[in-house]
Amino acid sequence: MAIIDNAIYVDGVRTENPVTLSETFERMRERDGMGWIGLYRPSEEEIREVAEEFGIHALVVEDALSGHQRAKLERYGDVLFMVLRPARYLDDLEEVEFGEVHVLVGPDFVVTIRHAESPDLGRVRRRLEADPALLAHGPEAVLYAILDEVVDEYTPVLAGLENDIDEIESQLFEENTDATQRIYDLGREVIDFQRATQPLSGMLEALLRGSDKYQVTEELQRYLRDVLDHTLRVSDRATTFRTVLDNALTVESTIVARRQNEEMRRMTELSIRQNDEVKKISGWAAILFAPTLVGTIYGMNFDHMPELHWLLGYPMAVGMMIALGFGLYAAFKRKGWL
């Protein structure tokens with residue numbers, strides 16, 4: 001069986017610990033007490049057995065079986081069905097892990113169906129058993145304590161997310177560091193955290209609005225308002241985190257764009273310098289080519305060539321080579337190639 005704990009309470013005091021569900025159903029009505037059944041990843045047969053005994057709606061059974069529900073509050077007659085998304089921060093992985101717990105609250109029973117390690121419902125039970133006066137308020141007191149535990153467990157998650165955001169802000173202006181992927185991943189975690197926490201304020205407000213109709217005591221209403229206050233603070237901080245991450249992503253994009261522009265500028269400057277070198281090399285090659293061309297022509301071994309036996313032929317060839325060289329040098333110098 002997936003039963004983690006199973007007890008019957010009379011006037012806030014634990015009186016019996018039934019071994020089976022059928023025994024719980026029988027004894028809680030005999031003693032006119034409240035049954036609190038804690039299930040961990042139960043089978044379909046176990047959920048249907050509980051639903052049949054307590055007259056729970058088929059849609060609730062369907063939701064409890066499928067899991068992966070959003071945080072919500074629904075009422076089916078005198079049975080309240082609540083889905084909560086607890087969370088815990090994993091320090092070694094630097095990420096948030098989300099759980100899921102379903103709470104069914106009736107006039108004389110509470111059934112909790114936990115699909116993950118969080119929250120620690122054993123701690124909730126021990127807290128209430130140590131305070132019979134609070135537990136004597138009935139199933140709504142158990143619901144309050146579970147809500148309070150889930151919201152309290154959000155505090156270390158907020159601290160972990162805040163620490164991650166501080167690290168990202170420190171990395172933004174470091175050289176050779178790309179924080180874009182981490183900002184995006186952390187942003188997704190904050191969004192998931194908001195989806196888990198934001199519905200809680202509306203759920204608690206709905207519970208408070210129905211307090212008179214369902215005879216919730218004034219003392220218990222004070223406790224619920226306190227949880228609502230904590231929930232609103234959690235939601236506000238999560239919203240702030242998302243804003244900070246959006247701004248960080250904008251700053252990171254600006255920094256990346258600036259680095260790319262600087263890199264393009266350096267590449268452009270390098271290309272310009274390379275072009276200048278190519279111009280110099282090309283200019284000197286042209287200067288050297290002109291005298292070589294003249295020397296090559298007049299160095300050909302032919303008997304019949306113009307100016308071959310002319311007395312001024314040699315000085316003319318040398319002068320032509322010098323003149324071409326200086327002429328090309330002056331032309332390239334004027335164009336800025338040399």
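Strand 1 (residues 3-10) and strand 2 run antiparallel and are joined by three bridges; two strands count as paired if DSSP finds at least two bridges between them. The model is predicted: local features need pLDDT of at least 70, side-chain atom pairs count only at pLDDT 80 or more, and totals for chains, interfaces and linings use all residues. Residues are numbered from 1 along each chain as its sequence is written, and side-chain values use heavy atoms, with hydrogens and water left out. Helices (H or I, at least four residues) and strands (E, at least two) are DSSP runs numbered from the N terminus.

**Confidence**

- The chain has a mean pLDDT of 85, and 91% of its residues reach 70 or more; pLDDT is the predictor's confidence in each residue, from 0 to 100.
- Confidence in the chain is highest in strand 8, at 94, and lowest in helix 9 (residues 313-335), at a mean of 74.
- Where pLDDT is low, the predicted coordinates should not be read in detail.

- An open sheet with mixed pairing is formed by seven strands in the order 2-1-3-9-8-5-4.
- Strand 2 (13-16) and strand 4 (72-76) are at the edges and have a single partner strand each, so one side of each lacks a neighbour in the sheet.
- From one strand to the next, the twist averages 20°.
- Strands of a sheet pair through backbone hydrogen bonds, either parallel or antiparallel.

**Strand pairs and hairpins**

- Strand 3 (residues 34-40) and strand 9 (residues 109-114) run parallel and are joined by six bridges, with I37 opposite V111 in strand 9.
- Five bridges pair strand 4 with strand 5 in the antiparallel sense, and K72 stands opposite V83 in strand 5.
- The hairpin of strand 4 and strand 5 also has two residues between the strands, and here G77 has a positive phi near 65°.
- Strand 5 is joined to strand 8 by five bridges, antiparallel; L84 stands opposite V101 in strand 8.

- Helix 7 (residues 180-209) lies across strand 4 and strand 5, at about 160° to strand 5.

**Burial and nonpolar cores**

- Six of the six residues of strand 5 are buried; buried means under 20% relative accessible area, exposed over 50%, and partly exposed in between (1.4 Å probe, protein chains only).
- Both faces of strand 5 are covered, with V79, F81 and V83 buried on one side and L80, M82 and L84 on the other.
- The largest nonpolar core has 58 residues, among which L84 and L147 touch the most other members; such a core is a set of buried Ala, Val, Leu, Ile, Met, Phe, Trp, Tyr and Cys residues joined through side-chain atoms within 4.5 Å.
- Helix 6 (residues 139-171) gives this core its largest share, 15 residues.
- Not counting residues up to four places away in sequence, L84 touches G99, E100, V101, I146, L147, V150, L200 and M203.
- A second, separate core has 21 residues, including I8, I47, V50 and A64.
- In soluble globular proteins, nonpolar side chains tend to be buried together.

**Individual buried residues**

- F109, in strand 9, counts as buried at 2% relative accessibility.
- Leaving out residues up to four places away in sequence, F109 touches M28, M34, G35, F54, V79, L104 and P139.
- S211 is in the loop between helix 7 and helix 8 (218-298) and is buried, with a relative accessible area of 1%.
- The side chain of S211 reaches the backbone oxygen of L207 at 3.2 Å; a polar contact is a pair of N or O atoms within 3.5 Å, and within protein one must be able to donate a hydrogen and the other to accept it, while residues adjacent in sequence count only if both atoms are side-chain atoms.
- S211 also touches V216 and Q221, residues up to four places away in sequence not being counted.
- T231, in helix 8, is buried with a relative accessible area of 2%.
- With residues up to four places away in sequence not counted, T231 touches V151, T197, L200, S201 and L204.

Key:
Axes are lines fitted to C-alpha atoms, for helices over the stretch in contact, and angles run from 0 to 180 degrees between N-to-C directions. Contact means heavy atoms within 4.5 Å.
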